[in-house]
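Q: I have a model open and would like to learn how to read its features one at a time. Could you walk me through it?

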Amino acid sequence: MQKIKSTTVVAIKHGNQIAIGADGQATMGNTVAKSNVRKIRKLQNGKIVTGFAGSTADAFTLIERFDEKLNSYGGNMKRAAIELAKDWRTDRYLRKLEAMMIVADASELLILSGTGDVLEPDNDIATIGSGSMYAQAAALALKKHVNDLSAEEMVKESLSIAADICIYTNHNIIVETLEAASA
């Protein structure tokens with residue numbers, strides 16, 4: 001899987017909630033270009049939430065393509081993700097895009113990459129971006145040892161911890177939530 005630096009995105013499914021959050025920092029090289037970029041988007045009338053890391057223009061292109069796939073496959077998130085990943089890997093134009101995405105609906109989380117990956121993460125935790133390993137470690141610890149936090153609170157805390165460590169991640173955190181489907 002490709003390593004994207006320039007942000008941190010975290011998604012957690014916990015209890016009756018799925019939350020996806022990201023910091024707001026955009027960098028150009030080693031300079032902060034903007035501190036409040038919105039890297040989380042709702043699609044399909046709020047039924048699906050996406051988060052992206054990498055080149056902003058590339059990510060917007062991928063989100064548009066993903067939304068087109070969702071429309072083509074009746075809102076079936078997994079099928080749309082697989083079809084996007086196939087196109088992303090084989091299309092000459094899309095292959096050059098440098099971004100990753102997390103997508104979620106009421107029942108599952110997926111990580112998508114330009115190498116054709118469509119991954120269902122372990123432990124109902126998905127992370128991408130430069131601070132992803134810090135955020136993932138924090139999310140795993142919170143999920144395992146702190147029972148009274150919501151998914152949204154876990155995402156915020158995981159991102160805050162990543163922002164304290166990763167220079168490409170800031171504390172301007174945006175989180176969107178979905179009601180999780182009952183198991």
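A: Gladly! Let's start with a sheet: 5 strands form an open sheet in the order β5-β6-β7-β8-β9, with antiparallel pairing. Strands here are DSSP runs of E with at least two residues, helices are runs of H or I with at least four, and both are numbered from the N terminus. Two strands pair if DSSP finds at least two bridges between them. β5 (40-43) and β9 (118-119) stand at the edges with a single partner strand each, so one side of each has no neighbour in the sheet. Before going on, note that this is a predicted model, in which local features need pLDDT of at least 70 and side-chain atom pairs count only at pLDDT 80 or more, while totals for chains, interfaces and linings use all residues. Residues are numbered from 1 along each chain as its sequence is written, and side-chain values use heavy atoms, with hydrogens and water left out.

Q: How many bridges join β6 to β7, and how many join β7 to β8?

A: β6 and β7 run antiparallel and are joined by 6 bridges; Thr50 stands opposite Val103 in β7. β7 and β8, also antiparallel, are joined by 5 bridges, and Ala104 has Leu109 in β8 as its bridge partner. A hairpin through 4 residues links β7 to β8. Moving on, β8 (residues 109-113) pairs with β9 in the antiparallel sense over 2 bridges, where Leu112 stands opposite Val118.

Q: How do I read the two faces of a strand?

A: In a regular strand the side chains alternate between the two faces of the sheet. For β7, Ala99, Met101 and Val103 on one side and Met100, Ile102 and Ala104 on the other are all buried. Buried means under 20% relative accessible area, exposed means over 50%, and partly exposed lies in between (1.4 Å probe, protein chains only). With 6 of its 6 residues buried, β7 is largely enclosed by the rest of the structure.

Q: Which helices lie across these strands?

A: Axes are lines fitted to C-alpha atoms, for helices over the stretch in contact (heavy atoms within 4.5 Å). Angles run from 0 to 180 degrees between N-to-C directions. Helix α1 (residues 56-72) lies across β5, β6 (48-54) and β7 (99-104), at about 150 degrees to β6. Helix α2 (residues 77-90) lies across β6, β7, β8 and β9, at about 10 degrees to β8.

Q: How many aromatic pairs does a search of the whole structure find?

A: Rings of Phe, Tyr and Trp (its six-membered ring) pair if their centres lie within 6.5 Å; planes under 30 degrees apart are stacked, over 60 edge-to-face, and the rest tilted. The search finds 1 pair. The rings of Phe52 and Phe60 have centres 5.5 Å apart and planes at 70 degrees, so the pair is edge-to-face. Phe52 is buried at 1% relative accessible area, whereas Phe60 is partly exposed at 30%.

Q: And how should I read the chain as a whole?

A: Its secondary structure comes to 5 helices and 11 strands. Buried residues make up 50% of the 183.
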